[in-house]
Amino acid sequence: MTLHANDLVDTELHRAVSQVGLDVEYTRSRGNTMWARGKDGGEIAVTDFISGYGSLILGHNNPEIVARAKELLDRDTPVHAQVSLRPEAASVAAALNRIVHREFGTDEPHHAVFANSGAEAVEVAVKHAEMDRRLRLAELLVAVEEHITEARGAIAQGTAALAPAVLTALGLPATAAPEVALDALEARVRAFDDHTHPAIAPRLLSLVGGFHGKLMGSIQLTHNPQFRTPFTELSAQSRFVPVDRPDALRAVFEAERTPLLDVSVEDGVVDVVERDAPVFCALLVEPVQGEGGIVPISPEFAKELQSLSAEFDCPLVIDEVQTGAGRSGAFFAGSLLPLRGDYYTLAKSLGGGLAKTAVTLIREARYRPQFELVHSSTFAKDAFSSGIALKVLELLEADGGAAYGVAAERGARLVEALEAVRAEYDDIISDVRGVGLLVGVEFADRSAVGSPMVRQTQPAGLFGFLVSGFLLHEHRIRVMPTGSAPNTLRLEPSIALTDDEISGLAEGLREVCAILRDQDDARLTAFVGARTF
Ligand code: F0G
């Protein structure tokens, strides 16, 4: 049996995408262009709008980033120097702090925990949030124990009397002795000392349509049930709240609130005080839902997220893995809403397309230095990735952050061109939306129209891939649908995007729309018999 290399990696995926012509090999890439290997051995230039799932805001093999990579290697940089000072990582943290301070108008330090991928950065945030939650709970229990001791002393000395409200709150008869009440209260507090007590289990919240990674923990924060539910038994699960429904979020907070009874001694009275046990571990939000279909969060909803998370003391994790590092027209997309977090996660474009690096920023007010002693990763903070990330930050911040302006301007030009296509084909394209260079084009549902072939792609979630194959082979344009919204094409080119590349895409989409309107669907796969690559 002859075994081909391609039979050993993603065999099933390749079989599936080969049906729509996406089984192409790329041999070179630069800026927004990728070169595919042609059937005749030559190269075929393709304009890339996928951009490494949004990892290439500065383009494929950006020459200045490549030069930095070579320089790092040429000078024998100690890439791995675990448990020593890490100047490159420290410089990345300092540069990110300058950006956070500028964009969010704060001077609060943000501690940086490094990781190697977006999902890992998310898990770092949640793991840290859980450590902080457990410490807050422990601090609260110590305080309540102290208050109980104080109350016992005051009652024993006759300097205070127990308010009847204490007995009522504990469900004790009005005749119960104060010592009995304080014993009952203490027993309740001690029960919470056991972190396996279900009442104080961590509550995780995220949004319907959200995507935060596919590792064991992060997949439970990702909404798409197809990815999530096969693995629900493996880790803590999230409650999912619909976007733009602050009432639903409030209802979850109210339903999950867990009161913890405390006492106060004031003016000769031992009274009951109801506190909230810190059960909310984290609320995760993407400023623009990426994988879920390029859905921007509205400023109004952002405001509600902000105020509800503050009201219920639930740390807010802003997942900027896809939106961050300049793609939105600012470094942090959340700064445009504004949406301030306790945590920010970054990955993708931070690595400049050459390094795999990720950072979780944690605001000082939440930061627990103990975390450094229990969390680590072999590769995190390596000098090569950090050195590349530093170059990315230098390039984005150069000339007063000119790159952000370019992302905003190019994004607006792209949306304008797409809106023009939609205006001509509003029966075919139902929406164009996005922020900066993170743009989605949604096609209207075609379950009831067109040829059987196109209709079948709808329930199978393959429509976007069919269009992608057509655009690749007939227009030499690389697009892809988002994983959880298969009728929406995701467009995430680099800031090098030219007017010609935008026109090329618009032209390709016009042809797709015309074919769909004419119900001449066979043309979408006509290339299959005559593939040039
Ligand atoms: N968070 C967000 C917002 C993401 O978009 C992604 C990945 C992750 C976390 C996980 O990052 O893949 O480096 O572990 N999004 C990809 C996508 C898969 O399709 O946009 P990762």
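The structure is a predicted model, in which local features need pLDDT of at least 70, side-chain atom pairs count only at pLDDT 80 or more, and totals for chains, interfaces and linings use all residues. Residues are numbered from 1 along each chain as its sequence is written, and side-chain values use heavy atoms, with hydrogens and water left out.

**Helix H13**

- Helix H13 spans residues 452-460, and its buried residues are Val454, Thr457 and Gln458; buried means under 20% relative accessible area and exposed over 50%, with partly exposed in between (1.4 Å probe, protein chains only).
- These buried residues fall within an arc of 110 degrees when seen down the axis of H13, so they line one face of the helix; the arc is that of the directions from the helix axis to the C-beta atoms.
- The exposed residues Pro452, Gln456 and Pro459 lie on the face of H13 turned away from its buried side.
- Helix H14 (463-475), strand E20 (485-491) and helix H15 (499-518) are the elements against which the buried residues of H13 pack.

**The whole protein**

- The protein has 15 helices and 20 strands, where helices (H or I, at least four residues) and strands (E, at least two) are DSSP runs numbered from the N terminus.
- Of the 533 residues in the protein, 53% are buried.
- Among contacts (heavy atoms within 4.5 Å) with a separation of 6 or more, 71% are between residues 24 or more positions apart.
- The C-alpha atoms fill a box of roughly 95 × 60 × 55 Å, taken along the principal axes.
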